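Notebook open, structure on the screen. I'll jot things down as I look them up.

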Amino acid sequence: MTASLHDRIRAAAPALRGRLLADQPLADLTWFRVGGPAEVLFTPADEEDLAHLLAALEPDVPVTVIGLGSNLIVRDGGVPGVVIRLGGKAFGGIAIDGETLQVGTAVPDMRLAKAAAEAGLDGLAFYRGIPGSIGGALRMNAGAHGGETTDVLVEAHGIDRTGALRRFSHAEMGFSYRHSDAPEDVIFTRALFRGTPGDRAAIEAEMERVTAAREAAQPIRERTGGSTFANPEGGKAWQLVDAAGCRGLTRGGAQVSPMHCNFLINTGGATAADIEGLGEEVRRRVRETSGVTLRWEIRRIGVDSAAVSQ
Ligand SMILES: Cc1cc2nc3c(=O)[nH]c(=O)nc-3n(C[C@H](O)[C@H](O)[C@H](O)COP(=O)(O)OP(=O)(O)OC[C@H]3O[C@@H](n4cnc5c(N)ncnc54)[C@H](O)[C@@H]3O)c2cc1C
């Protein structure tokens with residue numbers, strides 16, 4: 001019998017200090033609350049530990065990193081290979097020095113917004129409304145209310161699939177709308193941001209405005225994945241979805257949010273296949289009515305359940 005991936009990793013990297021678990025459910029680590037397990041879930045102790053795992057791992061084993069799961073569908077058959085989730089002190093710090101902020105990528109965006117405001121640094125208030133982590137913000141060029149990650153990032157650091165430490169200048173991050181061109185295998189571990197001196201009370205007022213606007217317009221208390229489709233050039237995805245008659249459309253336990261029709265929601269018993277299938281149906285109808293092919297903004301990872309039952 002061949003050894004499990006978990007046991008092979010233990011044998012190849014006995015000095016690992018982080019948490020390495022086989023067959024770990026992922027659904028509760030995502031906003032949609034759907035999907036199958038990770039073959040192996042690894043929570044590294046620090047950067048060195050993560051580099052050690054990646055260098056020791058057989059080259060053909062897939063590696064997937066997840067943040068706070070707020071822009072993510074995990075498919076029902078789970079995720080083969082190693083899923084990495086950063087957490088704890090090593091990846092959760094914020095150190096402020098003058099106008100710069102050194103931030104671990106497990107830090108929730110909202111915590112960075114608050115820390116910047118408390119230090120009287122402006123420019124990061126838009127993070128107040130985004131429920132992801134800084135790692136996800138770097139990968140997605142997260143933004144809202146007129147601000148984006150690209151506006152405030154100085155540089156990012158990460159580790160690639162071979163275990164090598166990499167540094168990316170702002171230009172090397174290759175940011176565009178909800179996208180970074182940084183190599184897909186890189187796991188960001190920390191980043192440097194720059195704010196501009198501002199008035200703390202005014203920044204806090206701006207954050208409250210952001211929160212209120214969001215509560216009024218988005219189903220933020222639902223099981224959702226945020227914006228499903230990226231806005232196409234010169235248009236709004238939600239308007240195309242609405243014009244295609246998809247507001248409130250359902251499939252199994254999945255629904256196009258009646259409140260904001262670029263959001264899909266799990267109304268309770270949805271599977272990942274319901275949610276992804278509904279998204280594909282929306283894309284089909286939008287293509288038919290407007291000729292536009294919407295691009296998924298939500299990241300989909302893993303395999304569907306048919307793939308594991310074969
Ligand atoms: C209610 C709601 C509202 C939202 N509003 C907004 C909004 O206004 N603006 C906006 O931009 N987004 C919004 N989102 C989407 C989401 O919060 C962002 O895309 C966020 O940046 C995702 O971060 P995450 O940590 O949850 O990443 P995940 O969803 O876990 O992962 C998203 C992607 O990032 C990658 N990733 C995560 N961590 C790392 C890392 N350390 N290194 C490399 N890659 C990594 C993953 O591999 C995946 O490809 C919203 C989501 C919800 C649920």
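This is a predicted model: local features need pLDDT of at least 70, side-chain atom pairs count only at pLDDT 80 or more; totals for chains, interfaces and linings use all residues.

Charges first. I counted 33 positive and 39 negative side chains in the protein chain. The centres of those two sets lie 3 Å apart.

Overall dimensions next. The C-alpha trace spans about 55 × 55 × 30 Å along its principal axes. I checked the radius of gyration against the globule rule: a compact globule of 310 residues would come out near 19 Å, and the protein chain has 20 Å, so the two agree. I looked up burial as well, and 49% of the 310 residues count as buried. The accessible surface is about 13800 Å², and carbon and sulfur atoms own 51% of that.

Then the fold inventory. I have 9 helices and 21 strands in the protein chain. For contacts with a separation of 6 or more, I find that 64% are between residues 24 or more positions apart.

Strand β5 got its own entry. Is β5, residues 79-85, largely enclosed or open? I went through its 7 residues and 5 of them are buried, so the strand is largely enclosed by the rest of the structure. I then looked for its partners. Strand β2 (residues 37-43) runs parallel to β5, with 4 bridges joining the two. One pair I noted there is Phe42 with Ile84 as its bridge partner in β5. Strand β3 (residues 63-66) also runs parallel to β5, again through 4 bridges. On that side I wrote down Thr64, which stands opposite Val83 of β5. Reminder for reading strands: side chains in a regular strand alternate between the two faces of the sheet.

On to helix α3, residues 109-118. Which of its residues are buried? My list is Asp109, Leu112, Ala113, Ala115, Ala116 and Ala117. Reminder for reading helices: an α-helix has 3.6 residues a turn, so residues three or four places apart point the same way. I also asked what the buried residues of α3 pack against. The strands are β6 (94-97), β7 (100-104), β8 (121-122) and β15 (187-194), and the helices are α4 (134-140) and α6 (200-217). After α3 comes Gly120, and its phi is positive, near 70 degrees.

Asp23 turned up with phi near 55 degrees. I placed Asp23 in strand β1, residues 19-25. Its relative accessibility is 54%, and the cut-off for exposed is over 50%, so Asp23 counts as exposed. His145 is another non-glycine with positive phi, about 50 degrees. I found His145 in the loop between β9 (143-144) and β10 (147-148). Its relative accessible area is 37%, so I logged His145 as partly exposed.

Last stop, Arg17. Where does it sit? I traced Arg17 to the loop between α1 (5-12) and β1. Arg17 is partly exposed, with a relative accessible area of 48%. Leaving out residues up to four places away in sequence, I see Arg17 touching Ala45, Asp46, Glu48 and Asp49.

Terms used:
Residues are numbered from 1 along each chain as its sequence is written. Side-chain values use heavy atoms; hydrogens and water are left out. Buried means under 20% relative accessible area, exposed over 50%, partly exposed in between (1.4 Å probe, protein chains only). Two strands pair if DSSP finds at least two bridges between them. The radius of gyration is taken over C-alpha atoms; the globule rule is 2.2 Å times the number of residues to the power 0.38. Contact means heavy atoms within 4.5 Å. Accessible areas come from the Shrake-Rupley method with a 1.4 Å probe; for residues, only the protein chains shown count as cover. Lys and Arg count as positive and Asp and Glu as negative; His and the chain ends are not counted. The place of a charge is taken as NZ of Lys, CZ of Arg, CG of Asp or CD of Glu.
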